[in-house]
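Here are some notes for a colleague who is opening this structure for the first time. They are meant to be read beside the sequence and the 3D view.

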Amino acid sequence: MLLLEHVGVDEPRRSLIKDLSLEVPTGEVTVVSAPTALERTALSLIASGRMHPDHGTVQFNGSSDARALRRHTALVDAPDITAPEHHMRVRDTVSEALALIPRTPRTGNGGRSTQRNWLAERESTDLADLRVEDLSVQTRLWLLLELAFTDPRVRCAVLDSPDRHDITPEALHTCLVDALGADQDRAVLAVVKGDQQ
């Protein structure tokens with residue numbers, strides 16, 4: 001479980017995030033809103049352990065260890081950070097993501113799988129030559145979440161502004177629940193704009 005308690009981020013003239021507490025239970029999809037792109041990205045970075053809050057604490061499974069938080073979370077589709085470049089084809093996106101998974105006994109095959117095998121195992125070889133930007137929103141989110149959870153250490157995926165891809169709150173929730181699948185040891189946090197909680 002991911003837990004944020006009284007998290008705050010200060011800017012020179014205002015609080016970017018102020019006294020936010022949030023629980024992301026294992027086995028569930030959690031949606032939280034933030035009004036600006038800057039706030040959404042800051043919250044996503046904090047929740048995934050890539051940024052330290054000025055106030056409050058972030059815990060994963062009861063531990064405040066920042067290294068463990070980064071190891072067990074994935075920052076997914078964050079604009080200008082982890083989102084695939086517009087020109088990238090699916091096969092390149094998959095290859096890049098697979099190359100970042102550390103070699104461990106749990107990953108098998110010497111820690112590496114080819115993008116061809118990865119796509120074939122998911123019956124998605126027809127996607128290989130498509131540009132990521134040309135995928136439907138649902139397929140894009142499925143692809144990026146599936147890649148995140150391919151790393152066996154990742155237990156929580158944090159999506160930054162998935163609703164920017166023009167998807168309804170209902171369709172987004174369905175898509176995220178489907179991506180979560182039956183694995184009750186995973187969680188998904190989506191940081192969205194407006195009042196879509």
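1. A polar contact here is a pair of N or O atoms within 3.5 Å; inside the protein, one atom must be able to donate a hydrogen and the other to accept it. By that rule, the side chain of Thr 73 makes a polar contact with the backbone oxygen of Leu 69, at 2.7 Å. Please keep in mind that the model is predicted.

2. Thr 73 belongs to strand S5, residues 73–76. With a relative accessible area of 2%, Thr 73 is under the 20% limit and therefore counts as buried. Leaving aside residues up to four places away in sequence, Thr 73 touches Ala 47, Ser 48, Gly 49, Arg 50, Phe 60, Val 154 and Cys 156.

3. Ala 47, one of those contacts, is among the buried residues of helix H1. Helix H1 spans residues 37–47 and is mostly covered, with nine of its eleven residues buried. Arg 40, Thr 41 and Ser 44 are also among the buried residues of H1. Just after H1 comes Gly 49, which takes a positive phi of about 80°.

4. Which residues does Asp 160 touch, not counting those up to four places away in sequence? They are Arg 40, Thr 41, Ser 44, Val 76, Asp 77, Ala 78, Pro 79 and Val 191. The side chains of Asp 160 and Thr 41 are joined by a polar contact of 2.7 Å. Asp 160 and Arg 40 are 120 residues apart along the chain, yet 6.4 Å separates their C-alpha atoms. Asp 160 lies in strand S6, residues 156–160, and counts as buried because its relative accessibility is 0%.

5. Strands S5 and S6 belong to an open sheet of four strands, in the order S3-S7-S6-S5, with parallel pairing. Strands S3 (29–33) and S5 each have a single partner strand, so one side of each is left without a neighbour in the sheet. On average, neighbouring strands of this sheet are turned by 20° against each other, direction ignored.

6. S3 pairs with strand S7 (residues 187–192) in the parallel sense, over five bridges. In one of these, Val 29 has Val 188 in S7 as its bridge partner. Helix H5 (residues 137–150) packs on the sheet and touches S5, S6 and S7; its direction makes about 145° with that of S6. Helix H6 (residues 169–180) also packs on the sheet, touching S3, S6 and S7, and its direction makes about 155° with that of S7.

Conventions
Residues numbered from 1 in each chain as written. Predicted model: local features only at pLDDT ≥ 70, side-chain atom pairs only at ≥ 80, totals over all residues. Heavy atoms only, no water. Buried < 20%, exposed > 50% of the residue type's maximum accessible area, 1.4 Å probe, protein only. Helix = DSSP H or I, 4+ residues; strand = E, 2+ residues; numbered from the N terminus. Contact = heavy atoms within 4.5 Å. Pairing = 2+ DSSP bridges. Axes fitted to C-alpha atoms, helices over the stretch in contact; angles between N-to-C directions.
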